[in-house]
Amino acid sequence: MTKATDLRAKSDDQLGEELGNLKREAFNLRFQAATSQLEKPSRVREVRRDIAKIKTLQNERSRSAAK
């Protein structure tokens, strides 16, 4: 699981790339779950939370830039 302090140190481009990677992983995990091949079910929750952290940070940055 990624820490919020680690994410805050990254640039907007790096966050976008990380978000893309996590979304791809979430997609793959959904397929694994559907075919009963999921090895670590807790990873689904971790990925979803990491995606939410990145989106929250992006939203904070966009709001502070709009002020």
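**Before starting**

Residues are numbered from 1 along each chain as its sequence is written. The model is predicted, so local features need pLDDT of at least 70 and side-chain atom pairs count only at pLDDT 80 or more, whereas totals for chains, interfaces and linings use all residues; side-chain values use heavy atoms, with hydrogens and water left out.

**Stop 1: the whole chain**

The secondary structure comprises 3 helices and 0 strands, in the order α-α-α along the sequence. Here helices (H or I, at least four residues) and strands (E, at least two) are DSSP runs, numbered from the N terminus.

**Stop 2: the surface**

The chain exposes about 5100 Å², of which carbon and sulfur atoms supply 49%; the areas come from the Shrake-Rupley method with a 1.4 Å probe, and for residues only the protein chains shown count as cover. Buried residues account for 19% of the 67 residues, where buried means under 20% relative accessible area, exposed over 50%, and partly exposed in between (1.4 Å probe, protein chains only).

**Stop 3: the nonpolar core**

Select L7, L15, L19, L22, A26, L29, V47, I51, I54 and L57, the 10 residues of the largest nonpolar core. Both α2 (12-34) and α3 (42-66) supply at least two residues of this core, and α2 gives the most, with 5 residues. A nonpolar core is a set of buried Ala, Val, Leu, Ile, Met, Phe, Trp, Tyr and Cys residues joined through side-chain atoms within 4.5 Å.

Within this set, centre on V47, which lies in helix α3. V47 counts as buried because its relative accessible area is 1%. Beyond its neighbours within four places in sequence, V47 is in contact (heavy atoms within 4.5 Å) with L22, E25, A26 and L29. V47 and L22 are 25 residues apart in sequence, and their C-alpha atoms are 6.3 Å apart in space.

**Stop 4: L19 and K55**

Move to L19. Not counting residues up to four places away in sequence, L19 touches I51, I54, K55 and Q58.

Then select K55, in helix α3. With its neighbours within four places in sequence left aside, K55 is in contact with L19 and K23. Show G16 as well: K55 and G16 are 39 residues apart in sequence and 9.2 Å apart in space, C-alpha to C-alpha.

**Stop 5: D50**

Select D50, also found in helix α3. D50 has a relative accessible area of 2% and therefore counts as buried. Which residues does D50 touch, not counting those up to four places away in sequence? They are M1, T2 and L22.

**Stop 6: S36**

Finish in the loop between α2 and α3, where S36 is placed. The phi angle of S36 is near 55°, a positive value in a residue other than glycine. S36 counts as exposed because its relative accessibility is 67%.
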